[in-house]
Amino acid sequence: MICRNCGTEIADKALICYRCGTATTEPRIKPPASQPPHRPSIAAAIALIALVIAGLFMGQVVEGDAPRIVGYIVAALAVIALVWHYARIRR
């Protein structure tokens with residue numbers, strides 16, 4: 001058999017060329033395609049902003065300036081955004 005890369009004569013049952021290392025056949029199992037690196041998304045930024053706002057509202061709730069339900073709603077929205085973001089990443 002002749003190597004398809006360098007033209008060296010190799011054994012008929014050889015898996016690779018001894019001179020250049022090229023495989024004699026195509027691989028049966030191909031490696032998975034590499035995924036692009038993960039970037040922070042808009043959902044993560046929104047969740048971070050919502051958590052900061054929730055923290056501010058919680059501080060006002062303790063002082064009695066804002067209704068308690070507002071802080072809980074903002075915190076719940078932040079948690080929902082984070083869960084949605086991480087569920088999207090896992091797919």
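A residue is called buried when its relative accessible area is under 20%, exposed when that value is over 50%, and partly exposed in between. In this predicted model, Thr 8 has a relative accessible area of 10%, so Thr 8 is buried.

**Around Thr 8**

Thr 8 belongs to the segment that comes before helix H1, which covers residues 42-63. When its neighbours within four places in sequence are left aside, Thr 8 is in contact with Met 1, Ile 2, Cys 3, Cys 17, Tyr 18 and Arg 19.

**The cysteines**

How many disulfides does the structure hold? The structure holds zero disulfides, and Cys 6 accordingly takes part in none, although the sulfur of Cys 17, the nearest cysteine sulfur, is 3.6 Å away.

| Residue | Relative accessibility | Class |
|---|---|---|
| Thr 8 | 10% | buried |
| Ile 69 | 51% | exposed |

**A salt bridge**

Side chains of opposite charge can pair when their charged atoms come close. A search of the whole structure finds one salt bridge, and this salt bridge joins Glu 26 to Arg 4, with the closest N and O atoms 3.4 Å apart. Glu 26 and Arg 4 each lie in the segment before H1, 22 residues apart in sequence, so the pair ties together separate parts of the chain. Are the two partners, Glu 26 and Arg 4, buried or exposed? Both Glu 26 and Arg 4 are exposed.

**A nonpolar patch**

On the surface there is also a nonpolar patch, formed by Ile 69, Tyr 72, Ile 73, Leu 77 and Ile 80, which together have about 520 Å² of accessible area. One of these residues, Ile 69, is found in helix H2, which covers residues 68-90. Because its relative accessibility is 51%, Ile 69 counts as exposed.

Key:
Residues numbered from 1 in each chain as written. Predicted model: local features only at pLDDT ≥ 70, side-chain atom pairs only at ≥ 80, totals over all residues. Heavy atoms only, no water. Helix = DSSP H or I, 4+ residues; strand = E, 2+ residues; numbered from the N terminus. Buried < 20%, exposed > 50% of the residue type's maximum accessible area, 1.4 Å probe, protein only. Contact = heavy atoms within 4.5 Å. Disulfide = S-S within 2.5 Å. Salt bridge = Lys/Arg side-chain N within 4 Å of Asp/Glu carboxyl O. Patch = residues over 30% accessible without salt bridge, like charges linked within 9 Å, V, L, I, M, F, W, Y side chains within 5 Å. Areas by Shrake-Rupley, 256 points an atom, 1.4 Å probe, with all protein chains shown as cover.
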